Amino acid sequence: VGAWNVLYLYLNHKKFEDNCARFPATVRAINEAFPRQYSHAFFSALTPGSHILKHHGPSNRMLRVWLPICGLEGFRLRVGDTIVQPNAGEAFIWDHSFEHEAWHEGDETRVVLIVDIWHPDLTEPEVKFLGTLQSCRLRAGRALVERAAAEQEERGVGRDPQDATYFEIVEKARHLLTDDDWWIVRAERDPTTRPT
């Protein structure tokens, strides 16, 4: 059984300052190459033996850009009816709203830089409008979560850690990754810990 992990640079208009500071050339390249980036960029690591089950993104307002970096032997991605076997350094773009899934049957951790960009058919006013809606939705969601937490606290009701919200999970995850070893899987350093 494999594992999947990410290191966010941007997520829903939130810039992960510490991560961006560790990868300044990458952030500069993203900003220069993708002036219409969706404010969603991250490194994705997938260990051998992984299978990301089929799923799809919520809409086609954005496209997903992949820059495969390493560990691609034995990896494949299905997007719709097309199976892609990416090559290191060869970027490709696909519609995240299509059903997709991934398998990694290689021996090394697969690492990809992923940058989401606004769909090129959207005009600048449409991008601005959709970006504003997204920001409003996130702010409203955060306000609702904070209000519910305050009401629970007033009633003296504790929260189960399993009920963590999206906002709490992202905030807690900011400090979990303190160095670049996150994508050097322990199993690669010590074969006796490799998953079976």
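The following paragraphs lead from the protein as a whole to one of its sheets and then to a single histidine.

This is a predicted model, in which local features need pLDDT of at least 70 and side-chain atom pairs count only at pLDDT 80 or more, while totals for chains, interfaces and linings use all residues. Residues are numbered from 1 along each chain as its sequence is written, and side-chain values use heavy atoms, with hydrogens and water left out.

The protein has five helices and 10 strands, taken as DSSP runs (helices H or I, at least four residues; strands E, at least two) and numbered from the N terminus. Of its 196 residues, 37% are buried, that is, under 20% relative accessible area, with exposed meaning over 50% and partly exposed in between (1.4 Å probe, protein chains only).

Four strands form an open sheet in the order β4-β9-β6-β7 with antiparallel pairing, where two strands pair if DSSP finds at least two bridges between them. Its edge strands, each pairing on one side only, are β4 (50-55) and β7 (82-84). Within the sheet, β6 (residues 75-79) and β9 (residues 100-104) run antiparallel and are joined by five bridges, and V79 stands opposite H100 in β9.

Strand β3 (residues 37-46) contains H40, which counts as buried because its relative accessibility is 13%. Beyond its neighbours within four places in sequence, H40 is in contact with Y8, Y10, L11, R64, I114, V115 and D116, contact meaning heavy atoms within 4.5 Å. The side chains of H40 and D116 are also joined by a polar contact of 2.6 Å, a pair of N or O atoms within 3.5 Å of which, within protein, one must be able to donate a hydrogen and the other to accept it, residues adjacent in sequence counting only if both atoms are side-chain atoms.
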